[in-house]
Amino acid sequence: MRIVKSHHAAIDTLIGMSTVTPLRTRSLALRERAQPLAGTRERGESPWLGQSPAQSEQFRRYQHVDRLWMASLGPLTGGQSPLTLTGAFMDWWTHLAVSPAKQIELLQLAAEQWAKLPSTVVAAPAQSAGDTDGVSPLAQDKRFSAPQWNAPPFNLISQAFLLGQHWWERATTGVPGVTKHHEEMTSFAARQWLDMMAPSNNPLTNPVVRERTLEERGANLLRGAGYALEDALRDTAKLPPSGTENFVVGKNVAVTPGSVIYRNRLIELIQYEPATKKTHPEPILIVPAWIMKYYILDLSPHNSLAKYLVDHGFTVFMISWKNPDGGDRDLGLADYYRLGVREALDVIDRVMPGARTHALGYCLGGTLLAMAAAALGRARSPALKSVTLLAAQTDFTAPGELSLFIDEGQVNFLEHQMWRHGYLDEGQMKSTFQMLRSKDLVWSFRLLNYMLGERAAATDLAAWNADGTRLPFRMHSEYLRSLFLNNALSHGEFQLDGVPINLDDVRVPIFNVGAVQDHVAPWRSVFKLNQLTTVDQTFVLTAGGHNVGIVNPPGLALSSYRIGHWRHGDRLLTPQEWLDAAEPTAGSWWTPWMAWLKGHSSAQVVPPAMGAPQAGLPVLEPAPGSYVHQR
């Protein structure tokens, strides 16, 4: 009997069972807490559709009025709930108003700052704006790093800004009585406002821009105005940024040879051609996130993870997700599991009968893969050989600054906006990620392009980043409510097709990767998986962020990683304890991962054929297929 067919039957049997016999006491405790509505598919019963039991029939009858009204506000507020933002501000302001101690602290701080500010005016030109008499910018803040900022009056301007930034940081934190979430929102809003008002953004107060303008007699500003107009026209026409048109999917990105061998309403499955005479009998299935297109893991040949794997003797399959439209509004996480991971494993079993698969999941694809591995483990399926998770969260207690945009009011507001079209538009996701890194993605970009008149060369990663996708209404609501708001996955309360998902059911070794500068899946959050399952785990912390840290082939300068192993029975370490114990190693995390994969693989054999026509899987078309081109 084929592996995946058997695991299908086992899971279907589990769905119909009213009781389970858990393997561990911990698993039983988690399953007993499972909520019957989590992940269900019945219409009108799911809290993801905004129909809680407390809502009357009369309310639901007129709920479309709320949705139309709130949806109309979305474009005016940048997709952010005005009530949530107002509530956070009022929570901070009213508590500050009734705290004389905090007010006195801020007044004293302001007085101290004004007293030390004049010393920067008479400082020697060689003294930096952040020397001992002032406030130093953060290590990652390069806005005032140019030597021109050291001379008066620009050292005074930059120092005044940094002192003000420090004051606002103190003002928006530590106010007695303010909820943690509202404090974080207020502090974030203050940083956004300060980043916008920074003297580096003004050509009159930025010495580098002034110097360039004098040298070029204003030609830089004229070029910048042209760039600004071009970018505005591209945004209006929903065209990708300038230069990204040089990267064409199937021509110079996503070019690893392969074929689409299967297609359903949600995925195309790509099988890559072997690059070696023999391959390991354990195939690799890559489950990318569907927030963006799949080919971040198959960019240019020099940084393609898919090519790296086939070059090292593996048979590789990749899921390419459909870009959903309004007709896919009711697709949920269970559909992505069933039509995505589970169906892909079924197809792989028809191509390579009896093979056990190394599965890799990136970002949201990794979260889904962790769920799938737990479901397969509970069903006692041997379909998987190992699991690799890249920048994928399974515990959402500390999801980083992305949580600033996720609370009950904001999710409700977002659902109203998605209700109109049946999906979350890629533009709204783009604006959210830009806000998280506005200093780098917005203001530094405008300084370089519009004031200095320079166009940085586009990269394959930038082109991929501009190739956005949509998210179905139901799936995105489930993701935000169940995982972010309720943290149901780590509690063992989330369900797929009626089966409780308990990560303690995962039965294969895990290679887990986090990135130091990841703003989407903070590494300390990714690290928490070792508390949720007892299988052998290898954790790697790589340099870089959510994308650059993962797309990190061997040979890059300044690349490094830390690695550690954990086995059942070892003491659980806190993230900081792990960091202190793990020594940095120069190079790419791809190298130790490849050694780990080969250590969990068998001797190489003759590679399989492309597809399986005899099993109803003929080659449909060359890679990268059709879904990747959907707009």
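Contact here means heavy atoms within 4.5 Å. Helices (H or I, at least four residues) and strands (E, at least two) are DSSP runs, numbered from the N terminus. What you have above is a predicted model, so to speak of local features takes a pLDDT of at least 70, side-chain atom pairs count only at pLDDT 80 or more, and totals for chains, interfaces and linings use all residues. Residues are numbered from 1 along each chain as its sequence is written, and side-chain values use heavy atoms, with hydrogens and water left out.

Let's start with a pair of helices. L333, Y336, Y337, V341 and L345 in α12 meet L368, L369, M371, A372, A375 and L376 in α13. By class, that contact has 11 nonpolar residues, with no polar and no charged ones (Ala, Val, Leu, Ile, Met, Phe, Trp, Tyr, Cys and Pro count as nonpolar, Asp, Glu, Lys and Arg as charged, and the others, Gly among them, as polar). Helix α12 spans residues 333-351 and α13 spans 364-378; they pack at about 70°, with axes 10 Å apart. Axes are lines fitted to C-alpha atoms, for helices over the stretch in contact, and angles run from 0 to 180 degrees between N-to-C directions. The two helices are therefore roughly perpendicular (65 to 115 degrees; under 35 is roughly parallel, over 145 roughly antiparallel and the rest oblique).

Now for the sheet. It is open, has 11 strands with mixed pairing, and reads β14-β13-β12-β11-β6-β5-β3-β4-β2-β1-β15. Two strands pair if DSSP finds at least two bridges between them. At the edges stand β14 (585-586) and β15 (621-622), each with a single partner strand, so one side of each has no neighbour in the sheet. Strand β15 pairs with β1 (residues 258-263) in the antiparallel sense over 2 bridges, and V260 stands opposite E621 there. Helix α22 (residues 590-599) packs on the sheet, touching β3, β5, β6, β11, β12 and β13, and its direction makes about 165° with that of β6.

Strand β5 is worth a look. Of its 6 residues, 6 are buried, so β5 is largely enclosed by the rest of the structure (buried is under 20% relative accessible area, exposed over 50%, partly exposed in between, with a 1.4 Å probe and protein chains only). Both faces are covered: T357, A359 and G361 on one side, H358, L360 and Y362 on the other. Strand β5 runs parallel to β3, joined by 4 bridges, and parallel to β6, joined by 6. T357 stands opposite L384 in β6. From β5 the chain crosses through α13 to β6, and this β-α-β crossover is right-handed: with the strands pointing away from the viewer, the path from the first strand over the helix to the second runs clockwise.

Over in β3 you'll find V287, buried at a relative accessible area of 0%. V287 stands opposite G361 in β5. Not counting residues up to four places away in sequence, V287 touches I319, W321, V341, L360, G361, Y362, G365 and G366.

Finally, helices α6 and α7 pack at about 170°, with their axes 10 Å apart, which makes them roughly antiparallel. Their contact divides into 6 nonpolar, 2 polar and 4 charged residues. The loop between α6 (100-116) and α7 (154-171) holds W149, which counts as buried at 1% relative accessibility.
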